Structures are given as structure tokens and as C-alpha cells.
Amino acid sequence: MERNEYLDLLKQNVLNENLIKHCLAVEAIMKKLGEYFKEDINKWGLAGLLHDIDYEKTKDNPEKHGLESVLILEKYISDQEILDAIKEHNEMLGFERNTILSKALFCADQLSGLIVASTLVLPSKKIQDLNTESILKKFKEKSFAKGAKRENILLCETDLNIKLTDFIQIALVAMQEINNFIGL
């Protein structure tokens with residue numbers, strides 16, 4: 001399947017536009033991280049794009065989130081590393097994240113939400129006006145964007161060996177490059 005076909009598959013399973021935008025943002029971040037680690041950017045992007053494909057089906061049963069995704073995707077994706085990363089991004093399942101892909105998805109998922117929230121409090125509400133320093137400042141405010149788990153984002157330093165500032169910069173640039181697709 002081609003990327004556009006995977007996007008269609010996502011849209012068949014996810015109706016919420018904001019959730020689709022979230023998946024697009026995580027895809028962009030994962031592609032940049034794949035580039036950073038000299039990995040297959042299409043593979044990494046695909047993991048980001050499809051990581052929440054089951055979210056609407058499992059929102060009332062979060063302990064199934066990721067597992068349902070694998071059931072949906074195993075018909076289309078034979079790469080076990082992608083399927084494992086998608087399953088492992090839900091910490092409620094208790095799976096260990098053993099690959100760099102899995103660890104990157106786990107961190108990127110949370111950071112995308114913090115970046116969106118940081119954008120929406122700007123007077124312009126434009127991601128192009130956001131900078132790494134502003135996100136870092138918001139990162140330190142525990143009451144801001146409470147849903148963005150700082151401890152998960154901070155694993156970038158130990159699990160990915162990327163300084164938090166650099167990780168935020170990579171993700172911000174990735175999201176700025178697709179601002180028209182994510183409405184920011």
C-alpha cells in the first residue's frame with residue numbers, strides 16, 4: 001500500500017478531524033526522527049500516522065488501545081516492528097519498548113500535544129510563530145496541557161539520547177513543515 005492508501009485507512013477508522021491532525025503531526029515528527037537516526041523515514045512515518053487508528057474504538061477501553069490497532073493493521077502491514085511500536089506506545093499495556101522506533105513513537109506522541117497546546121495560546125495561533133524556548137517554558141508549567149505527559153517526553157534524553165531542547169526543535173520543525181495539513 002502507498003502512504004495515501006494508509007491515510008484513507010486511517011480516515012475510515014478515525015472520524016475526528018483533530019485526531020487525524022494529531023496522527024499527521026506524529027507522522028511528521030517520526031519522519032524527522034527517522035531522518036535524525038538515519039532510519040527508514042517512510043517506515044517511521046507510517047508508525048506515527050497509524051498509531052491511533054483504533055483510538056475511537058477503544059476510548060472507553062483504553063487497555064485495548066494499540067491491540068485493536070494491530071488487529072486492524074496486520075492485514076496491511078507485515079513489518080512487525082511497526083506493529084510492535086504502535087502497540088507499545090500505550091503504556092497501560094505494560095509492554096517494554098525495545099526498539100528505537102518504539103521509544104521514539106512513545107515520546108513523540110506526547111510532545112505533539114504539547115506543541116499544539118503551546119501554539120493555541122499564542123495570540124496568532126500560528127505554529128510558525130512558536131519557538132523552542134516557548135515550548136520549553138510551557139513544558140515546565142505543570143498545569144499547562146496536563147494531558148501531555150512530561151515524563152514520557154523527557155524519556156527522549158535517556159531512551160533516544162537526544163537533549164530535550166533538540167527533541168523539541170526537531171518536532172517543532174516537523175510540525176511547522178506541515179502546518180497547512182494540521183490547521184496551525
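This is a predicted model: local features need pLDDT of at least 70, side-chain atom pairs count only at pLDDT 80 or more; totals for chains, interfaces and linings use all residues.
Leaving aside its neighbours within four places in sequence, Asn90 is in contact with Pro62 and His65, where contact means heavy atoms within 4.5 Å. Asn90 itself sits in the loop between α6 (80-88) and α7 (100-120).

Residues are numbered from 1 along each chain as its sequence is written, and side-chain values use heavy atoms, with hydrogens and water left out.

### The whole protein

How many helices and strands are there in the protein? The count is 11 helices and 0 strands, so the order of elements from the N terminus reads α-α-α-α-α-α-α-α-α-α-α; helices (H or I, at least four residues) and strands (E, at least two) are DSSP runs numbered from the N terminus.

Now for the overall dimensions. The C-alpha trace spans about 45 × 35 × 35 Å along its principal axes.

Of the 184 residues, 51% count as buried. Among contacts with a separation of 6 or more, 62% come from residues 24 or more positions apart. The accessible surface comes to about 9,300 Å², and carbon and sulfur atoms make up 49% of that area; such areas come from the Shrake-Rupley method with a 1.4 Å probe, and for residues only the protein chains shown count as cover.

The protein has 24 positive and 30 negative charges, and their mean positions are 6 Å apart. Here Lys and Arg are positive, Asp and Glu are negative, and His and the chain ends are not counted. Each charge is placed at NZ of Lys, CZ of Arg, CG of Asp or CD of Glu.

### Inside the core

Which residues have the most contacts inside the largest nonpolar core? They are Met30, Leu33, Leu50, Leu73, Ile115 and Phe167, in a core of 61 residues. Helix α2 (residues 17-36) supplies the largest share of this core, with 10 residues. A nonpolar core is a set of buried Ala, Val, Leu, Ile, Met, Phe, Trp, Tyr and Cys residues joined through side-chain atoms within 4.5 Å.

Leu33 shows what such a residue touches. Beyond its neighbours within four places in sequence, Leu33 is in contact with Trp44, Ala104, Ala108, Ile162, Phe167 and Ile170.

### Buried and exposed residues

| Residue | Relative accessible area | State |
|---|---|---|
| Ser69 | 0% | buried |
| Leu164 | 9% | buried |
| Asn161 | 66% | exposed |
| Lys146 | 66% | exposed |
| Lys38 | 74% | exposed |

Ser69 belongs to helix α5 (residues 67-73). Apart from neighbours within four places in sequence, Ser69 is in contact with His51, Ile53, Asp54 and Ile86.

Leu164 is in helix α10. Setting aside neighbours within four places in sequence, Leu164 has contacts with Leu136, Phe139, Ile153, Leu154, Cys156 and Glu157. From Leu164 to Ile86 there are 78 residues in sequence and 23 Å in space, C-alpha to C-alpha.

### Loops worth a look

Lys38 lies in the loop between α2 and α3 (41-50). Its phi is near 60 degrees, a positive value in a residue other than glycine. Asn161, in the loop between α9 and α10 (164-177), is likewise not a glycine and has a positive phi of about 60 degrees.

Finally, visit the loop between α8 (132-140) and α9 (150-159), where Ala145 is placed. Ala145 and Ala117 are 28 residues apart along the chain, yet their C-alpha atoms are separated by 6.3 Å. Leaving out neighbours within four places in sequence, the contacts of Ala145 are Leu114, Ala117 and Arg150. Lys146 is also in the loop between α8 and α9.

Technical notes. Buried means under 20% relative accessible area, exposed over 50%, partly exposed in between (1.4 Å probe, protein chains only).
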